[in-house]
Amino acid sequence: MTRSSDGPPREELVLGYGSRPLPFPSGVAARVLAAPPAPPVRDLRAALDDALAHPVGARPLAEVASARTRVVVIVSDASREEPRAELYAAARRALAAVPDDHVTLAIANGTHGPAPLDRLGLPPEVLRRHRVVNHDARDETSMVDMGVTSRGTRLRVNRCVAEADLVVSTGRVKPHYFAGWGGGAKGIFPGLGHNDDIRKNHLLKKDPASSLGRADANPCREDLEEGVRRIGRDTYLLNVVEAGGVILGAVAGDLVLAHREGVRMARPYCAVSAPPADVVVVSAPLPVSGSLYQASKLVPPAGILLKDGGVVIVCAECPEGTGPLQTVNEGIFQLGVRRFLPERYTLFLVSGMPEATVRQTYATYAPSLEAALASAREIVGKPAPDVLVLPDAGDLVPARAG
């Protein structure tokens, strides 16, 4: 999938978009920025079991729990493409000494609202076997107050955490535009936190240090990690490590130390650099392109590589719509995404949503990628602007070269 302004395309370029991929116009010269291919793990089950047997900064999970231990195993909601069934199964194998009625399965919905259980990819017998907590961040009755962080974030978490002896948080280490990287403590908080407290933590995204690819000295991540430590329960991490849509390994153990090991593994396959461009086109497959709420995370990588006065084109079908408009426009874009863009910019959205819907958002409607590129040529005042394409922008930690 290489295109260059130096010659014709050697292979058709298609972008992740939604239910179908979106072809990039064949007559448009463009640079393509992709990370080095990550080596996929050969046997995910073996990798997960090995991570649990050789944890970072902790004892093996099998040695942590007994038949009397009350355990919560956390999995993500359907907005994240994670191997939930495999992560749960690996944790359960390590927790073989714990009876089923001592294990609670918690869905880390964060602010998204309770997840349809049939979309999680978990075997039905797993859902029947255990108590299932489908977390609702707005349900006051399900929360327990666990204190306040040094940055003033109140810590209310789902009651199942307060009632547990051991909390096993599963998830995925990959780039995140303000927490630096996904995974780690995020499964517990914000995953099982109170809506207002999550929003308070997310206010820290306006700090320039709360930035894409930054795990340490990141105010947002430091706050949530401190919060989870303050909860005062034994916690354990089991995360897959992903780059370029490929799972390349797994980490387990201490909630922070194991997470940083995952970051170390992922970074070489996510960190990229390129000269800034007049036009930056970004895309991603589902579920990232499922709504503007999710697809907004594609804008920071584009902004980092955009010239002042340039054009960003976000390609996301958004079959689930915009998401909550105030949250998308203010809590996501104005608070966290806008600072990645240059002072002058234009942002087009190519999606399946009607123009009237897109007009309510921070983006400008474009009926097609071809139309957006044509408008971009007029905006930057060049018949052949420098176009940079990031086909899987959510997997990248870009930097400017030159």
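K382 is partly exposed, with a relative accessible area of 35%, where partly exposed lies between buried (under 20%) and exposed (over 50%), computed with a 1.4 Å probe on protein chains only. Its side chain forms a salt bridge with that of D278 (3.1 Å, N to O), a salt bridge being a side-chain nitrogen of Lys or Arg within 4 Å of a carboxyl oxygen of Asp or Glu. The pair connects distant parts of the chain, 104 residues apart: D278 belongs to strand β15 (residues 277-283), and K382 to the loop between α13 (369-380) and β19 (387-390). Helices (H or I, at least four residues) and strands (E, at least two) are DSSP runs numbered from the N terminus. D278 is buried, at 7% relative accessible area.

The structure is a predicted model, in which local features require pLDDT of at least 70 and side-chain atom pairs count only at pLDDT 80 or more, whereas totals for chains, interfaces and linings use all residues. Residues are numbered from 1 along each chain as its sequence is written, and side-chain values use heavy atoms, without hydrogens and water.

In total, 27 salt bridges were identified. Within helix α7 (residues 219-231), R230 and E226 are four residues apart and therefore separated by about one helical turn; their side chains meet in a salt bridge at 2.6 Å, N to O. R230 is partly exposed (44%), whereas E226 is buried (18%). A network of salt bridges links E82, R172, K174, E242 and D395.
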